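Please open the structure in your viewer and keep the selection tool at hand.

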Amino acid sequence: MMHVLGVERSILGQPWRWRATAADNLAPHDLVTQLLLARGCSPETLEDHRSPSIRAFMPDPSIFRDMDAAADRLADAVQRAESIAIFGDYDVDGATSAALMILLLRQLGIEARGYIPDRVAEGYGPSAAAMTRLAREGASLIVTVDCGAQAFDALAAAHAAPVDVIVVDHHQCASELPVAHAVVNPNRLDEAEGAAHGHLAAVGVAFLLGAALLRSLRRRGFFTNRAEPKLIELLDLVALGTVADVAQLRGLNRAFVAQGLKVMAGRRNPGLAALIEASRLTRAPTASDLGFALGPRINAGGRVGRADLGLRLLTTQDVAEAKNIAAELDRLNEERRAIEATVQVEAEAMYASGRRVTVVAGHAWHPGVIGIVAGRLKEKLGQPAIVIAVDENGIGKGSGRSIPGVDLGQAVLAAKVAGLVVAGGGHAMAAGLTIMADQVPSFADFLEELLADRVTAAVADRALLVDSIHAPGGVTPDLVTAMETGGPYGVGWPSPRVAIGPVRPVRVDVVGNGHIRAIVAGDDGRSLKAMAFRSAETALGAALLGAAPHRKLWLAGRPKIDDWSQRPAAELHIDDAAWAD
C-alpha cells in the first residue's frame, strides 16, 4: 500500500495513508467531490451529500418497530389533554431529546413535565421510585428519552402503577425488552428496516417520533382549525444532541446537523442563544462548536450541578432566565474542568502497562467526570478505557470509551450476563455500568480476555489517513472554506486532514494546559502557525519541542481558521508528525 510522503512509521508510530482508494483518484475531481468520495459517498448520491437535506435522507418513521403505536398513543394523549411526563437522561442527548418533545407538545397545547434524574442520587435511567412517583403525581403517560431500553424493573413498576410508558432510545438492547406500551429503538435486536438507522442519537429518534405524531394528528383532522407545528424549527436541538453524543455523521445524521446549524444560526431558541453568548462565540456555531463549546456546558449541569439545568435552559421562553442559566452552566463547566484534571492525574497513575483494556477505579472520584476522563485515557493510550467512581457504600459507577473496531457496549452487556456488573450497556464507542467495588478486578480480567485480541487487531490496522498535500503557503482561509463545504464533519465523516512540508520549526513553546504552539517555515518561504493540543507530555510534543532548527518535518493535521487572529488566517491543528530527513 502506498504511503503518503513515504511515511511508514511516524513519530506516533503509525503509517500515513491516503484516505481515498486508488479508484477514487482515477479521474480528476474538484476538492469537495474528492472529499465526499473519500468518505464513502457513491457517485450516484454526490449531490445529496454535497448539500444534505432532510427530504433526501428522511425515512418513513413507520419503518421502525412500535413507532406507529407510540405516535398514536401520544396523539391520544394530546387529544385528551392528558398529563404527560418526559423522562430524559442527564447528558446532552437526553436534554435535547426531552426538550424537543416538550417544545413540540407545548405547540400542541400540552405542557409536559420534564424529569431529569440526579446522576449521584438516582443514577442512570428510570427507577421504580421515579416511575411510581410520576404516576402518583398524575402522569398517565411517560415518555423516556435516551434511556429505558434496559430499565426492566422501573418499567415493570410503571406498568403496575399503572401508567403507560413509551421508550425512545438508541442504546443497545437485550433479546428481551422491558414491558412498555412501545419501545422505539433502531438498535432493537428484532428491528428490521429501521436497523439501518442504528447510528441515530436518541434526539434523532425523538425527531422521527415527532414527525410520526404530527402525521397521526393530521390524519385525525387535529389541524383543521389550528396551525401545525414546524418540526424543522427544532432541528437546532437535534444537531446539538447528535454531535454531543458522538453519533456518526452519515446519512440522516449529516442532514440533521447541516440543517440544524442553519436553524441555530437564527437563534430562535432563547436558551441556545444565551448558551452561544456564554460560550463567547461571535459567529454562527459550527459542528465542532456543538461538541467542544455548547455540549460541555449543557453536560456540566448533569455532571457537577443540578441535573435539570440543561433541560430548563433549552425549554425556557424567558430571555432573562435563559441568560442566568447559561451563566450558571458556564461556571459549572469551569468547575467540572478542575475536578476532571484531578481525577485524570490519579487515573493515569493507576494505568497497568501490558493491558489492552484499561480499567481504573477510585474512591471519592466525582461520577460526573468519569466519562470525560475515560475519553482522555482512550486518546492517550490508544485503547478502550473504563473509569469507575466508587462511593462510600462500595458501589461503583463506571463510564467507558472505546476505539474503532472494538464494541464496548456489547462487552459490558456480556459482563452483565456473566454477573460481574449490576447494570450496564451502551453502544460500540461508549458504555456505562454499575458494579460492586470487589468485582472490579474480575471485571477487568473479563474484558481483557474478551477484547485483547480485538484491540490488538484494531491497533495494528491503525493508520493516519490523509486527504491532500500542501506547502505551508497553501494552507489558507480559502482552503479551509472550500473543505468545510464537504461537511458537516464528525465521527464517521472525518474532517479533512492534510500533510504539509517539509517544514522547519522557527519557534515552539508550551501554552495553556499542555498545548504545543509552533511556527514553522517551509521551502516555499511561507510560515504557518500550528497547534498540537494536549501533547506536551507525548512523543509528538517531545519531538516538536526538541527539534533542531535545521531539522525538517512533515506535519499532518486539520486546517482551521484562527479565531484569535485579528484578520482571517489559517492554522494547522497537528495530529501527527514525521521526520523529513
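Helices (H or I, at least four residues) and strands (E, at least two) are DSSP runs, numbered from the N terminus. This is a predicted model, in which local features need pLDDT of at least 70 and side-chain atom pairs count only at pLDDT 80 or more, while totals for chains, interfaces and linings use all residues. Residues are numbered from 1 along each chain as its sequence is written, and side-chain values use heavy atoms, with hydrogens and water left out.

Next, display the C-alpha atoms alone. Taken along the principal axes, they fill a box of roughly 75 × 55 × 45 Å. The radius of gyration, taken over C-alpha atoms, is compared with a globule rule of 2.2 Å times the number of residues to the power 0.38. For 581 residues, a compact globule would have a value near 25 Å, and the 24 Å of the protein agrees with this.

Now colour the protein by accessibility. Of the 581 residues, 55% are buried (under 20% relative accessible area, with exposed over 50% and partly exposed in between, for a 1.4 Å probe and protein chains only).

Select Ser-216, which has its place in helix α8 (residues 202-219). Is Ser-216 buried or exposed? Ser-216 is buried, with a relative accessible area of 6%. Leaving aside neighbours within four places in sequence, Ser-216 is in contact with Ala-71, Asp-72 and Ala-75; contact means heavy atoms within 4.5 Å.

Proceed to helix α11 (residues 270-278) and helix α12 (residues 287-304), which pack at an angle of about 110 degrees with their axes 10 Å apart. Axes are lines fitted to C-alpha atoms, for helices over the stretch in contact, and angles run from 0 to 180 degrees between N-to-C directions. The angle makes α11 roughly perpendicular to α12 (under 35 degrees is roughly parallel, over 145 roughly antiparallel, 65 to 115 roughly perpendicular and the rest oblique). Show the side chains: Leu-275, Ile-276 and Ala-278 in α11 meet Leu-294, Arg-297 and Ile-298 in α12.
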